[in-house]
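Below are some short notes on the model, for reading alongside the coordinates.

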Amino acid sequence: MSSKKKATSSIMQTLEQIHDFKGKYPKQIWSLFFSEMWERFCFYGMRGMLVVFMISQLQFGEKEANLQYGATQAFVYAFTFIGGLFADKILGFRKSLFWGGLMMIIGSSLLGYDPHNFFFIGLAFIIIGTGFFKPNISTMVGELYKKGDPRRDAGFSLFYAGINLGAFLGGYICVAIGKGYMLSSVIPEDKRWNVAFALAAVGMVISLINFHFTERHLGPIGLQPGHPDAIVKANPKPKWVEYLVYAGTLAIIPLIDLMVSNPEYTDYFMYTIGPVTLIYLFWEMSKVSEKERKKLWAALIFIVFSILFWGIYEQSGGSLSIFAQKNLNDKLLGMTIDPNGVNNSAGAFFIIALAPLFGLMWIWMAKKKIEPNTIIKFGLGFIFLGLGYYLLFSTRLFHVDGMTSLDIFTIALLVITFGELCLSPIGLSIMTKLSPAKMQGIMMGMWFLASAYGQYVAGLIGASMAEADENTPAVTRLMTYTDGYKMLGIYALIAGVVLILLSPAIKKLMQEVR
């Protein structure tokens with residue numbers, strides 16, 4: 001008994017040491033950084049290959065590929081809400097993360113073994129796995145900081161850099177190998193896609209190994225509800241409840257396989273999951289104080305606007321993948337380079353390069369007392385997004401027989417990245433600031449569920465622009481897609497202005513949170 005008490009005391013002391021760290025970052029954030037980096041290598045590698053593989057290898061039409069991409073991504077992000085819920089109530093963040101990682105390894109391995117025959121079942125495993133992994137590691141980053149710690153935003157910005165380092169590497173390397181732009185002299189042509197998908201599994205294995213060696217430094221962070229040292233106290237649940245979650249996860253894999261391979265089922269799912277989760281959230285909100293409820297209403301406003309942002313932004317995985325493959329040359333600054341690789345990874349590269357500069361800029365503006373508040377930053381994110389899409393529209397001015405400039409396309413991605421830097425890292429941080437401790441996982445899941453609706457909308461938007469077939473002239477295809485990008489630019493600019501005008505009302509709901 002005494003040794004158990006001593007162990008418990010040691011864990012609690014470790015939590016105090018975590019919160020009272022010296023310097024800018026807690027040491028645990030670096031391990032979480034690398035686990036997330038390799039998981040994102042897996043995820044963005046997969047994301048960047050989907051549309052290209054479906055069109056070039058599975059003979060999907062462009063409209064069908066856009067809808068399929070939107071359906072797959074929507075399920076990925078929708079299950080982050082479910083994963084966050086199970087982590088909050090049953091598994092805890094650590095067990096949820098490990099279980100999700102194992103599912104992603106199985107899915108990526110199936111695709112690596114035979115991507116043509118195991119395409120949808122492999123995606124089903126990855127969808128479930130990402131749902132259990134993604135929201136919970138983000139929540140653990142938030143718990144490294146005590147309430148009100150001004151260093152929290154800097155920590156999330158660093159974590160966000162880890163996300164994008166993985167996205168940059170996976171986003172370029174995987175699709176470049178699949179298309180033969182990398183290692184073509186080493187990998188036989190009929191095995192290129194196998195190797196590309198298998199690389200995603202390798203990244204996930206590294207992520208889980210790294211997290212295994214991180215756990216002992218996390219104190220009580222992420223422990224299972226009911227554990228005597230867990231941060232949020234709860235009655236322990238019977239062990240069979242945990243096993244039921246694992247068994248239930250495996251049991252619904254065939255259902256996810258069926259649903260993701262038939263995009264019309266995605267419509268039914270998205271029409272259902274949103275209202276159901278909102279009803280559940282309102283029920284949870286009824287149990288918190290009035291002050292906490294106002295903050296949650298502010299969080300919901302951010303979530304609603306993020307749906308529109310991601311619906312426009314996420315053309316990068318759908319219609320922009322087709323645009324890159326069919327309408328872009330392969331010359332960037334005079335070098336031959338895969339345009340799909342640029343589309344998948346340039347945004348991440350720009351974030352890695354610019355995120356520290358943006359962080360310093362916000363600090364400088366804060367010292368001068370001219371830093372825009374979180375709501376204004378969200379509005380600026382939309383404005384930059386709109387300007388970036390206007391640049392995509394302008395690529396039509398540089399085409400030669402329907403093939404246009406990869407250089408101008410890359411500049412457009414740079415401007416869009418300015419918008420993402422104003423919105424996304426701040427969004428992760430604001431969800432943890434506005435949420436009560438017992439609802440952290442649920443609200444992080446809601447943030448990613450909003451991304452699910454954004455992905456779903458992105459697929460619908462992309463499909464609406466995909467009027468071309470294999471016989472459509474490149475010039476006609478170019479004009480169709482760039483007309484669509486102009487309209488998306490207009491919608492983004494309007495949303496940015498509306499959000500800035502709503503700023504005073506939202507600030508009142510946020511109260512002391514900035």
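1. What percentage of the 514 residues of the chain count as buried? The value is 58%, where buried means under 20% relative accessible area with a 1.4 Å probe and protein chains only.

2. This is a predicted model: local features need pLDDT of at least 70, side-chain atom pairs count only at pLDDT 80 or more, and totals for chains, interfaces and linings use all residues. Residues are numbered from 1 along each chain as its sequence is written, and side-chain values use heavy atoms, with hydrogens and water left out.

3. The chain has 17 helices and two strands, taken as DSSP runs (helices H or I, at least four residues; strands E, at least two) and numbered from the N terminus. The radius of gyration is 22 Å, close to the 24 Å from the globule rule for 514 residues, so the chain is as compact as a globular protein of that length. That radius is taken over C-alpha atoms, and the rule is 2.2 Å times the number of residues to the power 0.38.

4. Along the principal axes, the C-alpha atoms fill a box of roughly 75 × 55 × 40 Å. Of contacts between residues at least 6 apart in sequence, 82% join residues at least 24 apart; contact means heavy atoms within 4.5 Å.

5. Helix α11 (residues 319–327) and helix α16 (residues 474–501) have axes that come within 11 Å and cross at roughly 150 degrees. Axes are lines fitted to C-alpha atoms over the stretch in contact, with angles running from 0 to 180 degrees between N-to-C directions. The crossing therefore makes α11 roughly antiparallel to α16 (over 145 degrees).

6. On the α11 side, S319, L320, I322, F323, K326 and N327 meet A474, R477, L478, Y481, T482 and Y485 of α16.

How values were computed
Angles under 35 degrees count as roughly parallel, over 145 as roughly antiparallel, 65 to 115 as roughly perpendicular and the rest as oblique. Buried means under 20% relative accessible area, exposed over 50%, partly exposed in between (1.4 Å probe, protein chains only).
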